[in-house]
4 protein chains.
Amino acid sequence: MDKNLCAPTPPMGWNSWDCYGASVNEEQLLANARYMAENLKDYGWQYIVCDIQWSEPCADSQAYHPFTELCMDEYSRLIPAESRFPSSAGGRGFRPIADKIHALGLKFGIHIMRGIPRQAVHRNTPVKGTSATARQIAKTYSICPWNTDMYGVDCSLEGGQAYYDSLFELYASWGVDYVKVDDICASNFIKGRPYSAPDEVEAIRKAIDKCGRQMVLSLSPGPAVVEESFHLSQNANMWRITDDFWDRWDLLLDMFDRCKRWYTHVRPGCWPDCDMLPLGLMRLFDKNPDGTRGRYTEFTKAEQITMMSLWAVFRSPLMMGGDLCGNDDFTLSLLTNREILDINQFSTGGHPVVDEKNYKLWACTCKDGQTAVAVFNTGDEPVKSTISLSLLGIEKASARDLWAHEDMGVFSGTIPVSLDAHGSAVYKLTVS
Amino acid sequence: MDKNLCAPTPPMGWNSWDCYGASVNEEQLLANARYMAENLKDYGWQYIVCDIQWSEPCADSQAYHPFTELCMDEYSRLIPAESRFPSSAGGRGFRPIADKIHALGLKFGIHIMRGIPRQAVHRNTPVKGTSATARQIAKTYSICPWNTDMYGVDCSLEGGQAYYDSLFELYASWGVDYVKVDDICASNFIKGRPYSAPDEVEAIRKAIDKCGRQMVLSLSPGPAVVEESFHLSQNANMWRITDDFWDRWDLLLDMFDRCKRWYTHVRPGCWPDCDMLPLGLMRLFDKNPDGTRGRYTEFTKAEQITMMSLWAVFRSPLMMGGDLCGNDDFTLSLLTNREILDINQFSTGGHPVVDEKNYKLWACTCKDGQTAVAVFNTGDEPVKSTISLSLLGIEKASARDLWAHEDMGVFSGTIPVSLDAHGSAVYKLTVS
Amino acid sequence: MDKNLCAPTPPMGWNSWDCYGASVNEEQLLANARYMAENLKDYGWQYIVCDIQWSEPCADSQAYHPFTELCMDEYSRLIPAESRFPSSAGGRGFRPIADKIHALGLKFGIHIMRGIPRQAVHRNTPVKGTSATARQIAKTYSICPWNTDMYGVDCSLEGGQAYYDSLFELYASWGVDYVKVDDICASNFIKGRPYSAPDEVEAIRKAIDKCGRQMVLSLSPGPAVVEESFHLSQNANMWRITDDFWDRWDLLLDMFDRCKRWYTHVRPGCWPDCDMLPLGLMRLFDKNPDGTRGRYTEFTKAEQITMMSLWAVFRSPLMMGGDLCGNDDFTLSLLTNREILDINQFSTGGHPVVDEKNYKLWACTCKDGQTAVAVFNTGDEPVKSTISLSLLGIEKASARDLWAHEDMGVFSGTIPVSLDAHGSAVYKLTVS
Amino acid sequence: MDKNLCAPTPPMGWNSWDCYGASVNEEQLLANARYMAENLKDYGWQYIVCDIQWSEPCADSQAYHPFTELCMDEYSRLIPAESRFPSSAGGRGFRPIADKIHALGLKFGIHIMRGIPRQAVHRNTPVKGTSATARQIAKTYSICPWNTDMYGVDCSLEGGQAYYDSLFELYASWGVDYVKVDDICASNFIKGRPYSAPDEVEAIRKAIDKCGRQMVLSLSPGPAVVEESFHLSQNANMWRITDDFWDRWDLLLDMFDRCKRWYTHVRPGCWPDCDMLPLGLMRLFDKNPDGTRGRYTEFTKAEQITMMSLWAVFRSPLMMGGDLCGNDDFTLSLLTNREILDINQFSTGGHPVVDEKNYKLWACTCKDGQTAVAVFNTGDEPVKSTISLSLLGIEKASARDLWAHEDMGVFSGTIPVSLDAHGSAVYKLTVS
């Protein structure tokens, strides 16, 4: 089957990393799933993704514990830690959780690290479907620069492909719909080769294609290498174009350059990924001085709107990072602005038109064929500016403000626009 | 005016470099123009481009003469060497040649080096339209790594823009339709900055926009930097994605990778450029042991067809490099295959589908909405292979061989294909 | 104690790598020791060094077996594989072998890899003299680029130093006199940091200083970084200035440049190291088509003399790589030329005087204050040349050929010299 | 003649750059010469060096004027600007100034840029002693990254050597004793090749050897490449190990590392160079708000002593940078401390002994065979510390403070020392 068909529009969902780090548990996953089903599902949100380290019994924060013991089955495959995911007991894996999430009308995703557990390699445990052992298929010097769990896998060996096949057979049996594979899209560890494991990307693609279940394939971390865009688009559905994104203006400002480099590569089934949305209640893995946990996003409201506007017109996947249950009204409003989400899900041809230091303009074509335009003030002061319609090949149009949900009237030549510091506006222009 | 409008399809023409090097003269330009008017114009070929060093009186080969005296007007602007372009006498510049070429129904292009002549800087001659002198606007350490004629220009100074404005005012007065600017797209001289003169690119864009005449802007040499694709597409009409291309298989093989990196950036007015076509009678600047000059292309016929097929489906500009008057029947047939030229001029969405070591498949959409497919054997042996229609989302189609000009019948599932070593085929598929 | 005192002259000995690779055994070590005692000891040869992988039971060639099980004691310390070193049974380690070697009037050395065994880290075994465990002191991302046995050790932790202290306590108890530490002098794995473990170098220095026994400290592999010469000279006795050296002319030719970069750093206790001498019977780990094992050096006789001459005048450590028991007469003569060995052991101030493409001249001061000169023909043809005495500040001198053991007479101005292709001569000049 | 003989001890002198920049004139040179003769000559100071841009008539500050007209003779050789050096009128060049300096018992030095004037190349003027012209011997793409005066010279051409020969013939006729050649020791312009003109270094060496006059050859700028130490020592007398050094603590702190990398290369005739001493009245080319010019060094007194101590024990050349006539008593005392200057001029074997973050210890052997030790507090707070004599192989010695000129008594084991922030002490230890 064409791998592009399982992600015809940018995937929308929730991911556990920004709020729970390495320590998310069953209860937290299901609480977010219930919130999504009740409040967000109608707007297109559907994936609940369990991020890194779910096989580590003692994970308790954002940290990975070096060389720690992981839960593993008899075939060298990592399985959920029962201490954190009680329903996985008895070899049921993530199946019970996936079932509950599916019952809510949602889909279920997991994170994995590229490779085979080091503990399997050092114990030389079996690999399913092959006589090769873990030790025999491990790549000798392929390690992740920031996590000690795995060795890379030599996919030129029959046993290497068999290992990945066995992984996705298991995930299919659990009912997984989305897999975020880490340590595979960019790495600075091996000099001069940031995209260092293309063979493992291909092996994973083949394993998914064989496993009998559609799964979205998301590659991390970034920044992905633009020169490798064809290989990425042939094999994956999403790939990170940035290192981890957090609620800092410098990172958001930088994203304009990243989107400028990648916008020609956006198309159905192939989504350059700006990373999770650090919105609402985040970092519950951090303890505050007063004993409470977590904090709300440090983005200003203007910056939050700017982020959503850029992710919309660029058509990044939308993966909410904050704890959904902690959403305040403003956060919820960002996730349920149907007019903005429509740009993200259904527009085409999003591209930069103006790229000045403090003024950025992007345009795209809406599903009805009309033009939408996003204008950004990346300066540190509020500004009054204008949008020049001639840049869009338009003389006269009626405009609608998609954040204010207001029709603004008819304009010729220019549209005036007032923008907060780091603020933005998205207008739909209708030419009659 | 929108700069994209002057190159709505990939520019087609002839360039003097591959046959005459630095030494082309008036007679040679006009002979090629007459040939084009008679034999090629009806197929879309229109530009006659005079390449590098036309202001050097003693140029006699492919070589540049270091530090040599160039012909220059009173405003520090290079002008044609009268010894080689007699009609330029009396300050008429390229106007008489351009007039003759226009009279043939063709268009005229010139090559320039980025910057201001070093001889102007050392003599401190005036710059038109400003009180700044050549010495004052020269960038101190900006030189070309392979030609000693110029210093870069500091466009942050008012006099810098004035200089470029004065150049294009002159070129407009000559009737120039196309400018190939060199030493501006890629450079390895200044470490870590291969795209080292974006300010001069912008100044040239502004100068063209002001000069009152449409001109295609072509940037050299390559390889252009993919990360700079937005800046290139905002300012230029063509940019080289390769260093100089000659008739060697390794260079042609490499072009598949280059096209794979750039295909998403192809669109009207914005043409990543695979460089001139080294076909037919070339290198007339080289003397042979027997006293004759030049030689025919060293590409096999299969390789020539492969080159034309790739340039077609990728939609590279087509600039013939060989001496047109030396064309044999086969060479002429390559330049007048209307079905292949239609793919180059009017197809959309050309992209790689399969990218294996010895087998490449590209597809595009023809102007009538049907699919065309180009299949390449990049191996060193002839092969019998097939095209899998399912890769194109097609079950059954009639096929036409665009090189053989033959209808091949109707196929389901696969189309068999026999390919020479380094050979290719282009089929148009019609789904009824 | 001053670490320089244990290597007042360049160490001379035998190392198992060039003939036995990773698979040397007790019998082979002792056979070479007996040969040395009988034939070489009187000439200053004294170290018998057991190279890499002595804790791997199944080592059978030059190869390391990835992730294989190693012999280890209860404190995470590697111990000899009993299968290969039977006398080590019962926890006696290398003590019995060292005793036998000492009884022959020789000294005993071993090779170790920087770091702590990965198997200790993954099993989380104890470290002697500390409550920290193997897992706690391992550096997370510090691995060797060519051997999978170890993780680097974090010496900023108390447990890290304790681990190294426990290693050298053990080696002292075995009677070790010389330690070659590998994966510590140069590494290309972590970009931009070829000398990547200076903290472990310092920890090893401290551990030796505490252990109660003098040991020569030799660092590998190379090429060492010249900028780090001070740190190397403060901590080690020898450090490799080259990657592995074998019997190939290009490697020997390259050594002239390496010596030219390092000669100012040669002094008692501090010996830049040109690596083992690939002479005589080598590579017994390779099986020949006829069932025999090994081969003799592929250096010509002229090249062997050139190597010995350069190692002599530069004062490199001299570690014979071939199997001593396989020595033919010529090989033995190279190792027992007392006049040449005297240059290596007792000269001072060796330095290049002429460094032309095909002609190199080095000079040094002999222990009696006279000058010795080594002249090299690095060209591929025999030459007749001369040595200009004025380059040495000498007008007239009697000359003695130290390879021919012949007095040549008295010379003024120049000394004529005939050199084979890749050949050399060493003359002692006596000014009366 | 052996080039080392003209600089048997580190050269001591004055250089015009730190106080007069590019604009020094005859009067200023002679005023400094007279001061030196009266106040410093007896302490070993002897060179008066006219730094960069003496052929530029309009030089008025620290700046070079891009592409400006320079004074040049009929053989493409730069000559002094008469406007600044009136005695050079009538083709006498620097001869009259040199004569006056020699009459004071001092020596005279000049600065030159590597290469041939660009104005000579563009005018194609003759080169003395050859039929080649300036244009023919210029290296096409060899330019200085910070000064626009010259092109490099192709010394593989006979005319290239002839040009350099003609330069030094001229300088010998002027009576020049010292030449500082710039743009030749380090360059970052051509990637990967910081020591980019070794052929021009060799040509200059040959030209000096032929010119009939001894001249010290000093190479700039730095940092020189340690790997090239042999080539440098074969050809030059001094070479900069640092980029331009000014009165900033970070630069002085960094010099400890530079000296640590270079100390083994110090020997008579071969002096790694820490650059000028930014002491006393400096930067007279800068105008102050109150109309005065210049300022005193921004080093604290402790830092000035630290600098002099390091330059002394490392044996750097000593070239005073401040205007001698502006010396206050403290500055003069630094330049006339005979005990410290003796360390610089006559000690041997200076080397680092301790190299900790805030504590550095260097030792050397005095001309009488006793040990001197320099101790440095590179921390930002005053400290009380000790010198451990055992590090020097000494049990008991009497100590003399060479800055205080006081005998301190006899010490066993350790010597206590009190050091200011960034301060130092130099003690001579006498073992009886």
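Student: How many residues of chain D are in contact with chain C?
Tutor: In this predicted model, 10 residues of chain D are in contact with 9 residues of chain C. Contact means that C-beta atoms, placed from the backbone, lie within 7 Å. Residues are numbered from 1 along each chain as its sequence is written, and chains are lettered from A in the order in which they are written. Local features need pLDDT of at least 70, side-chain atom pairs count only at pLDDT 80 or more, and totals for chains, interfaces and linings use all residues.

Student: Which elements of chain D give two or more residues to that side?
Tutor: Those are α8 (229–235), α9 (249–262) and β13 (348–355) of chain D. Helices are DSSP runs of H or I with at least four residues, strands are runs of E with at least two, and both are numbered from the N terminus.

Student: Switching to chain A, how many helices and strands?
Tutor: Chain A has 12 helices and 20 strands.

Student: And how much of chain A is buried?
Tutor: 53% of its 432 residues, where buried means 20 or more other C-beta atoms within 10 Å of the residue's own, with C-beta atoms placed from the backbone.

Student: How do β10(A) and β11(A) pair?
Tutor: β10 (residues 281–287) and β11 (residues 293–296) of chain A run antiparallel over 3 bridges; pairing requires at least two DSSP bridges. The two strands form a hairpin with 5 residues between them.

Student: What stands opposite A:K287?
Tutor: A:R293 in β11(A).

Student: Which residue in the turn has a positive phi?
Tutor: A:G291, at about 95°.

Note on methods
Buried ≥ 20, exposed ≤ 12 C-beta atoms within 10 Å, placed from the backbone. Contact = placed C-beta atoms within 7 Å.
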